[in-house]
Amino acid sequence: MAAKNPSVAERTKRKRDKFKATADGEWTQCMFMLVKKGRYCNVGRVAGSLYCGNHIVEDEGVVSNKSKKFKAELRQRVPCTLDPSHTVYAFDLKKHLIICNKLKEAEATKALPYYAFNINSGNNATDSPSEAAPADETAAEGDNDNDLEDGRHNQPSAARQANVFQTLTTMDHNAFAARIEAVFARVVGDIPTRTLNHEACAKLLTDKQATGAAHGALRHIQQQASILGHMEAKGLLHPSNTYMELGAGRAMLSLALTQLYPASPFILVDRSGTRGKADQYIAPESKCTRAKIDIRHLNLAGMQEAVNTPVVALSKHLCGVATDLSLRALATTLPPTTPGALSPHLRGLAIALCCHHACNWEDYIHPSFLTDLGFTPAEFKVLVSLSGWATCGMGTEGDAVETVLGWSREKRTALGRQCKRLIDMGRVEYLRSRGMEAHLVHYCEQAESLENCLLLAWRKPTSSDA
């Protein structure tokens with residue numbers, strides 16, 4: 001086991017000391033507070049300003065010798081077109097785009113043997129990065145083990161909620177709701193709730209309890225235990241498997257599994273860097289590979305760690321369209337590929353589903369399922385928007401939505417959950433049509449997590465598996 005890392009407070013103190021220790025005691029670190037991280041920006045500030053170049057305040061009137069050469073409009077800071085999370089001077093943008101770290105990261109990703117542009121997109125027809133799906137459509141992939149509380153799993157934006165409200169006012173919304181309820185009762189019905197346990201999480205839970213962790217922290221481990229319990233019930237846990245955590249985030253689900261199978265190979269897939277990863281705590285004897293790549297471009301045929309080995313995919317949680325992209329990657333890029341069937345090396349999967357409002361028709365894994373039920377592509381957009389009501393309810397009692405539509409908060413929430421499960425049932429039927437057993441189950445109570453539905457798929461054992 002690797003040595004325990006210093007605490008966040010200790011690391012923050014070290015970084016602050018690096019920037020503020022000057023002869024006269026002057027603080028030289030940028031004074032911009034990063035609220036989510038609970039610390040100041042680490043970058044040294046620009047001369048004459050309290051902030052670094054990224055966070056400089058325009059009304060400070062700070063002008064560097066370099067910027068004096070340019071007109072006032074060119075001295076404005078503008079978002080980097082490659083990564084809008086940081087800004088640069090307008091006069092420096094062209095030069096910056098050549099050296100931006102985002103560009104370097106993109107080039108490094110394209111060089112990966114398992115990168116194939118848009119290979120898992122539903123249309124799979126675009127040949128230019130500029131035609132890729134917008135960033136807000138791909139959504140975050142993993143939950144960082146913090147459900148919807150860490151900012152990676154966002155509720156529908158206010159603008160999007162307002163848009164679906166306006167759409168509903170222009171249609172027979174009561175008839176549309178009745179269709180959803182009728183189809184849900186016919187093709188989904190009651191989904192069982194089974195909260196299971198698993199020994200793999202026992203030590204993690206005990207250690208957390210010993211530190212006095214609150215219920216909010218303990219429930220994530222209990223949910224992991226239930227997911228692993230459902231996997232074991234379907235025969236998906238075996239030391240010979242290679243476990244692929246999709247949208248891995250901190251990889252806490254894999255960490256729990258290593259308590260049981262410390263020597264099994266693990267593949268952790270996530271498109272973004274993550275703080276506080278559990279990789280270092282995974283037992284050193286296991287073979288752990290982290291792949292930093294958007295699942296949209298993941299070609300498993302080029303990933304040697306996933307070839308010619310029994311693969312079990314898992315995730316908690318996998319946002320919106322990332323689930324559809326993952327199913328397509330497993331179905332069409334995991335060798336050997338067989339038309340109409342999944343690779344025999346795919347033993348099964350367990351995906352805790354969430355953020356259906358981030359789905360889109362072009363990438364949805366089984367559009368014919370919904371069209372056969374009478375829903376059009378335009379109505380799919382309404383379905384995914386309504387699905388957000390399962391977690392946000394679209395306002396409070398007595399609001400405009402209730403006044404105009406006549407739907408209470410309880411009705412909106414229930415309708416949102418029905419939309420989620422209709423979308424998920426299409427995923428179930430997709431897996432069944434390709435030779436797997438599959439179903440949906442609530443792996444914990446709704447009071448513990450609003451996103452409590454697990455997509456389970458497994459193969460029936462055959463004589464060749466022995």
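These legends accompany several close-up views of one predicted protein model.

**View 1. The whole chain, before we zoom in.**
Let's start with the overall picture of this predicted model. The protein chain has 466 residues, and buried residues make up 47% of them. Its secondary structure comes to 15 helices and eleven strands. Among contacts between residues at least 6 apart in sequence, 64% join residues at least 24 apart. The mean pLDDT of the chain is 82, with 79% of its residues reaching 70 or more.

Side chains of opposite charge can pair when their charged atoms come close. How many salt bridges does the structure hold? There are twelve salt bridges, and this view shows the one in which the side chains of glutamate 181 and lysine 411 meet, at 3.1 Å from N to O. Glutamate 181 sits in helix H6 (residues 173–187) and lysine 411 in helix H15 (residues 409–433), so the pair links distant parts of the chain, 230 residues apart. Glutamate 181 is partly exposed, its relative accessible area being 31%.
Asparagine 174 lies in helix H6. Is asparagine 174 buried or partly exposed? At 44% relative accessibility, asparagine 174 counts as partly exposed. Leaving out residues up to four places away in sequence, asparagine 174 touches Leu405 and Trp407. Along the chain, asparagine 174 and tryptophan 407 are 233 residues apart, yet their C-alpha atoms are separated by 9.0 Å.

Aspartate 363 is found in the loop between strand S9 (346–354) and helix H11 (367–372), while arginine 296 is found in the loop between strand S7 (288–292) and strand S8 (311–319). The pair links distant parts of the chain, 67 residues apart. Are the two partners buried or exposed? Aspartate 363 counts as buried, at 3% relative accessibility, and arginine 296 counts as buried at 3%.

**View 2. A loop tied to helix H15.**
In this close-up, glutamate 451 forms a salt bridge with lysine 420, and their closest N and O atoms are 2.9 Å apart. Glutamate 451 lies in the loop between strand S10 (437–442) and strand S11 (453–458), and lysine 420 lies in helix H15, so the pair ties together parts that are 31 residues apart in sequence. Glutamate 451 is buried, with 3% relative accessibility. Lysine 420 is buried too, with 2%.

**View 3. A network of charged side chains.**
Which residues are linked in a network of salt bridges? Look for Asp324, Arg421, Asp424 and Arg427, which are linked in this way.

In soluble globular proteins, nonpolar side chains tend to be buried together. The largest nonpolar core here has 70 residues, and among these Leu386 and Leu431 touch the most other members. Helix H15 gives the most to this core, with eight residues. Which residues is leucine 386 in contact with, beyond its neighbours within four places in sequence? They are Val164, Leu168, Phe176, Ile180, Leu415, Gly416 and Cys419. A second, separate core has 35 residues, including Cys201, Leu268, Val312 and Leu314.

A disulfide is a covalent bond between the sulfur atoms of two cysteines. A search of the whole structure finds zero of them. Cysteine 30 is in no disulfide, and the nearest cysteine sulfur, that of cysteine 52, is 3.8 Å away.

**View 4. An annotated stretch, residues 77–104.**
An unreviewed UniProt entry carries the annotation "domain: CHHC U11-48K-type" over residues 77–104. Over these residues the chain is 39% helix and 21% strand. The end C-alpha atoms of the stretch are 22 Å apart.

Over residues 19–24 the pLDDT stays under 50, and the model has ten contacts beyond four places in sequence for them. Residues 124–152 also have a pLDDT below 50, and this stretch has 81 contacts in the model beyond near neighbours in sequence.

Methods: Residues are numbered from 1 along each chain as its sequence is written. This is a predicted model: local features need pLDDT of at least 70, side-chain atom pairs count only at pLDDT 80 or more; totals for chains, interfaces and linings use all residues. Side-chain values use heavy atoms; hydrogens and water are left out. A salt bridge is a side-chain nitrogen of Lys or Arg within 4 Å of a carboxyl oxygen of Asp or Glu. Helices (H or I, at least four residues) and strands (E, at least two) are DSSP runs, numbered from the N terminus. Buried means under 20% relative accessible area, exposed over 50%, partly exposed in between (1.4 Å probe, protein chains only). A nonpolar core is a set of buried Ala, Val, Leu, Ile, Met, Phe, Trp, Tyr and Cys residues joined through side-chain atoms within 4.5 Å. Contact means heavy atoms within 4.5 Å. pLDDT is the predictor's confidence in each residue, from 0 to 100. UniProt positions are given in the numbering used here, feature names are shortened, and annotations may be inferred rather than shown by experiment. A disulfide is a pair of cysteine sulfur atoms within 2.5 Å.
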